[in-house]
Amino acid sequence: MGQGRRMKRKQGAPDPLTEEHFARLKRKAGITVNETEQPAKLAPPKRRRTAKKVVAAGRSKKLLPDPDVNEYRPSQEGNGDVLTDDPDEKLGDDFIGSEDSVVDSDEDISNKRERFVFSDDEDDSDKEEVLTAANIEGLSKKLDQQLEKERAEADAEVQESALQTNLDGDRPKVLDSFDGSDEELGNPSTLLAPDLQLLRQRITDIIRILGDFSKLAEAGRSRADYTSQLLDDICAYYNYSPFLAEKLYNLFTPREAFAFFESNEAPRPIVIRTNTLRTHRRDLAQALINRGVTLEPVGKWSKVGLQVFESSIPLGATPEYLAGHYILQAASSFLPVMALSPQPGERVLDMAAAPGGKTTHCAAMMKNTGVVVANDPNKARAKGLIGNIHRLGAKNVIVCSYDAREFPRVMGGFDRVLLDAPCSGTGVIAKDPSVKTNKTERDFMTLPHTQKQLLLSAIDSVNHAGTGGYIVYSTCSVTVEENEQVVAYALSRRPNVRLVDTELPFGKEGFTSYMGKTFDPSLKLTRRYYPHAYNVDGFYVAKFKKIGPTPASVSMRKANGDEPLIPADKAPIVETGPASIGGENAGGEFGGFDEDEDKEYMERAKRSAMRRRGLDPRSLGRARSERKKSA
Ligand SMILES: C[S@@+](CC[C@H](N)C(=O)[O-])C[C@H]1O[C@@H](n2cnc3c(N)ncnc32)[C@H](O)[C@@H]1O
């Protein structure tokens with residue numbers, strides 16, 4: 001697909017709040033821009049810091065609601081299978097009743113000029129959007145204030161850097177500058193801020209040295225010396241556990257790792273997704289602008305996203321929100337559904353669906369036809385899912401609540417399956433800084449295990465002979481263990497699937513090798529998203545095409561959803577006709593339902609349902625024997 005001028009500019013990520021960005025908007029609206037003005041050097045976002053070993057500070061008071069909380073974070077003790085935390089917290093802002101408030105604005109919106117032209121949602125032309133002058137005014141004002149603040153901060157940092165730099169010829173003596181010991185950092189006579197500045201200075205110095213080691217390193221110092229000091233400093237400066245800091249650091253070059261850690265300190269843009277079942281993007285944009293919201297389309301890559309810059313009203317309580325015209329959803333959450341590309345009339349399974357951002361996106365793309373089975377085993381989250389489905393008017397959705405490893409026993413033969421897997425959340429640290437310290441080695445063993453089981457179930461639930469035969473696997477984590485390794489595992493266990501192009505307009509290629517491990521070259525068809533690269537949440541997306549039936553041995557999987565008793569690749573391939581949900585052929589492709597096994601399964605489900613209602617399940621058996629007697 002060729003890229004137009006505008007597409008290139010917009011693609012990749014919601015534009016950050018840069019001067020050039022606002023200048024462009026001003027030019028579009030016919031407002032004079034001072035072309036000679038140089039872009040300000042951006043200072044790092046202001047952060048509240050604590051000294052080493054002090055628990056990460058909470059986020060500052062929210063000015064706007066967070067985007068859709070769509071990531072799953074397992075409890076520390078659990079293996080990530082079941083959520084145990086406060087259900088309300090987990091429902092996210094997409095659930096009606098969200099209490100999040102929005103910054104007050106003294107902007108007068110009553111006289112806003114209504115000149116707002118959006119390219120049509122269904123129109124592929126490259127027509128430029130023109131924002132209202134009032135909208136631009138809001139953006140400009142915000143920009144002026146922000147740039148002023150950033151200039152002051154940048155000046156301060158540059159001055160400080162000059163004072164702190166300790167150069168010996170061209171080779172900075174960073175490892176001797178101070179020993180970074182707890183005593184020094186915790187010395188009551190040492191002010192906190194200078195320590196942090198020293199740390200930051202040393203972080204940037206070491207990154208510079210590692211980037212040109214032969215020229216800048218001190219004699220007798222190894223790369224390992226510098227790397228070890230850098231990791232210590234990153235932990236102290238950003239409040240990461242050493243374990244996680246190293247894991248994340250290893251994904252990047254030192255310079256990119258720094259950019260990644262930095263970007264986790266700033267929130268991502270607020271984005272809303274237009275619900276095309278209820279409205280058009282241009283109408284929604286107009287309605288929100290009239291309410292004092294400053295926004296613009298998220299980019300040419302999405303016809304439904306709007307990036308919100310400022311709002312004088314709570315975005316989770318507008319009449320448009322309550323009427324289901326939009327959902328608060330992080331931009332990167334659009335990507336798995338775009339890759340899945342569900343078609344009208346198809347049968348789609350969303351295996352881990354709550355709170356429903358992606359389910360309702362699927363329903364909208366399918367124009368409320370066909371069927372979406374939205375599953376989530378967490379009852380509290382499933383309530384949020386149901387709330388969103390109703391609010392957004394998705395009428396083609398069936399909600400169920402299974403451990404998705406039970407699929408395809410529960411139901412199979414889907415045209416497409418989305419597995420937006422429970423994960424560690426290392427891509428959304430800006431939203432949830434607790435990830436910095438609460439993820440352990442155990443999490444990165446148990447989570448991938450569950451993810452692998454879920455992915456095999458996803459593959460086995462798809463009908464390869466239908467209109468689709470696609471499976472999309474996604475996580476909001478950036479670790480290789482939860483992404484490429486899971487995908488590589490599935491490829492090794494299911495010879496009947498191939499990775500295919502996600503057809504997403506941006507994203508970095510998946511790893512084909514990592515820390516001495518090599519993966520199939522097709523792994524580069526998968527896509528990685530980083531906050532520092534695209535200003536979106538960290539995400540991973542892989543798309544599979546099922547090219548043949550699943551081995552019969554899969555129907556012999558153990559009840560706990562573990563590996564097949566016979567390895568799939570050693571088992572005979574059985575060809576059966578296309579399956580349909582609940583139809584005669586349901587499950588045929590994965591070996592068919594076993595009547596007796598099903599009966600037992602139903603009985604078990606009935607018993608646990610009774611227990612949940614406080615009833616004695618033994619009464620089931622009694623009722624049955626009484627029925628038998630009377631017959
Ligand atoms: C990343 S969130 C899903 C977000 C959702 N797709 C959306 O877009 O709104 C992961 C979900 O996986 C669910 N989950 C955890 N263990 C699961 C399992 N064994 N089977 C299916 N879902 C599971 C969690 O309850 C959580 O809602």
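This is a predicted model: local features need pLDDT of at least 70, side-chain atom pairs count only at pLDDT 80 or more; totals for chains, interfaces and linings use all residues.

**After the helix**

I started at the residue that follows α8, which is N239. Its phi is positive, near 65°.

Next I went back to α8, residues 223–238. How far apart are its end C-alpha atoms? I found 22 Å. The 16 residues, at 1.5 Å a residue, should span 22 Å, so the two values agree.

Then I looked up which residues of α8 are buried. I listed Y226, Q229, L230 and L231. I noted a general point beside it: an α-helix has 3.6 residues a turn, so residues three or four places apart point the same way.

I looked for N368 and found it in the loop between α14 and β8. N368 has a positive phi, near 60°. Is N368 buried or partly exposed? Its relative accessibility is 24%, so N368 counts as partly exposed. The cut-off for buried is under 20%.

I then turned to N535, in the loop between α19 (531–534) and β17 (539–546). Its phi is also positive, near 55°. N535 has a relative accessibility of 17%, so it counts as buried.

**Cis peptide bonds**

I checked omega next. Which residues does the cis peptide bond with an omega of about 10° join? They are A354 and P355. I placed P355 in the loop between β7 (347–350) and α14 (357–365).

Another cis peptide bond joins F407 and P408. Here omega is about 5°. P408 sits in the loop between β9 (397–400) and β10 (416–420). I marked both bonds in my notes because most peptide bonds are trans.

**The annotated cysteine**

Last, I looked up a UniProt annotation. The unreviewed entry labels C476 "active site". Where is C476 in the chain? I found it in the loop between β11 (470–475) and α18 (484–493). Its relative accessible area is 4%, so C476 is buried.

Notes
Residues are numbered from 1 along each chain as its sequence is written. Side-chain values use heavy atoms; hydrogens and water are left out. Helices (H or I, at least four residues) and strands (E, at least two) are DSSP runs, numbered from the N terminus. The expected span of a helix is 1.5 Å times one less than its number of residues. Buried means under 20% relative accessible area, exposed over 50%, partly exposed in between (1.4 Å probe, protein chains only). UniProt positions are given in the numbering used here, feature names are shortened, and annotations may be inferred rather than shown by experiment.
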